[in-house]
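Trainee: I would like to go through the terms used for helix packing and cores.
Mentor: Then let us take them one by one.

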Amino acid sequence: MSEKESIGVIIGNRDFFPDRLVAEARVEIIDLLAKLKVNSIMLDTEDTKLGGVETFQDAQKCAALFRRHRDEIIGVLVVLPNFGDERGIAETLKLAELNVPVLVQGYPDDLDKLDVARRRDSWCGKISACNNLYQFGIKYTLTTKHVVHPSDPTFVKDLLDFTAVCRVTKGLRNVRIGAIGARPGGFNTVRYSEKILQRNGISVVTVDLSEILGNANKLTAQDASVQQRLQRIRDYASTGLTPNEALIQMAKLDVVLSDFMQENSLDATAIQCWTSVQKNYGCNVCTSMSIMSENMLPSGCEVDVTGTLSMYALQLASGSPSALVDWNNNYADDDNKCVLFHCGNWAKSFLPDIEISTAPILGTSVGEENTYGALSGRTPAMPLTFGRISTDDPRGVMKAYIGEGRLTDDTLKTFGNRAVAEIPNLQNLMQYICRNGFEHHVVMNASKTAGILKEALGNYMGWEVQLFDN
């Protein structure tokens, strides 16, 4: 987590259970969060009895504390060392008005400590706490085990996954995406609703491609900013047979794109990558898009705004770059394998053999000499989470599908950016995509984060989510 991101902690208590359980839990939770480098905000032991939340007055104090740190709290952890007071927990969250994810944890009892002096009853208390959260309309996340000690490895994973859910939720509610140029005329598939996105906190900033190309043409090879970007391109990837003139064109375009992103505080971009830029400017924008994606500013092809949004979501979940790809080809007669392809702008993380080249298919219509800047490279075996977010305009909703598989080292003789994916029940997935009107683009990420994304997109964003987990 960054220094500006924290987790609020509520330690529940109930007066007729042993107070020492609260004191012990506080120490254990503080130690665990520090070990995991998770910033925490909680009541001090002088603020309430042992720093727990039990009464309405306790709830008011805890809520006031959370409100003071509203800008940095991205989620709340509810800890139940004993039954806890379900009203105090729900009232705290209601008064704080944070609207962030909530993880509910309860301690397990020991079989030899079920006497009055040592029993916890958190098993029952957690049900009551969740019932109250449900009544209050507060969304919450459950641990893998109903009750679990903080030292249990499953809880450690639950907590780390929860922080990722918090990052995804916060990021999607505030993301700003640049739509640079109009979508290619033949790509109805990437149409979307700006209004549905805005209702979900997602802002789209548009600009005509002519403004971008016009500003790029005003720059010269001698400009310091162009020389700086030219060196960045050379440092980023092997230039292969790309002529210097094309590299300078790419560098000028890179300067203007970077300026546009900074001026508009953009988190991501979707760019009209063909065919106007090739016909009117003479190069591909793929290398710049790859550099942005590698630096956690995802950039998607063909003005696919919701595809770019998908890139951003998977990036938030994993902390690593994403790539927008085509569901492109069958892989021989293997029903669970397919070819992922683009011409291409994938982040360098996916392309250990990265080289700046041309786009042969696009070159057949615009001249291959005008397509320098496309990247060539093969993605090796690695974990795979795939996903796609879309606006379903006729129904007025956000929808998504996500799943996991793996990328393989199977033989693949072709050009561009390419990979082979193995996905269980791939044929069922393709049926689902086609029957539900999803786009031909999907996002891949080298992680196993489908569960995180389902929780964030489905539970907290309130979108329709279909999980393909096996």
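**Helix pairs and cores**

Mentor: The axes of helix α5 (residues 153–172) and helix α12 (residues 305–318) come within 8 Å and cross at roughly 150°. This is a predicted model, where local features need pLDDT of at least 70, side-chain atom pairs count only at pLDDT 80 or more, and totals for chains, interfaces and linings use all residues. Residues are numbered from 1 along each chain as its sequence is written, and side-chain values use heavy atoms, with hydrogens and water left out.

Trainee: What makes α5 roughly antiparallel to α12?

Mentor: Angles over 145 degrees count as roughly antiparallel. The angle here is roughly 150°, so α5 is roughly antiparallel to α12.

Trainee: Which residues of α5 and α12 make the contact?

Mentor: With contact meaning heavy atoms within 4.5 Å, they include Ala164 and Val168 of α5 and Leu309 and Tyr312 of α12. By class, there are eight nonpolar, one polar and one charged residues.

Trainee: What is the largest nonpolar core?

Mentor: That core has 118 residues, and Trp327 and Leu340 have the most contacts inside it. A nonpolar core is a set of buried Ala, Val, Leu, Ile, Met, Phe, Trp, Tyr and Cys residues joined through side-chain atoms within 4.5 Å; buried means under 20% relative accessible area (1.4 Å probe, protein chains only).

Key:
Buried means under 20% relative accessible area, exposed over 50%, partly exposed in between (1.4 Å probe, protein chains only). Axes are lines fitted to C-alpha atoms, for helices over the stretch in contact, and angles run from 0 to 180 degrees between N-to-C directions. Helices (H or I, at least four residues) and strands (E, at least two) are DSSP runs, numbered from the N terminus. Angles under 35 degrees count as roughly parallel, over 145 as roughly antiparallel, 65 to 115 as roughly perpendicular and the rest as oblique. Ala, Val, Leu, Ile, Met, Phe, Trp, Tyr, Cys and Pro count as nonpolar, Asp, Glu, Lys and Arg as charged, and the others, Gly among them, as polar.
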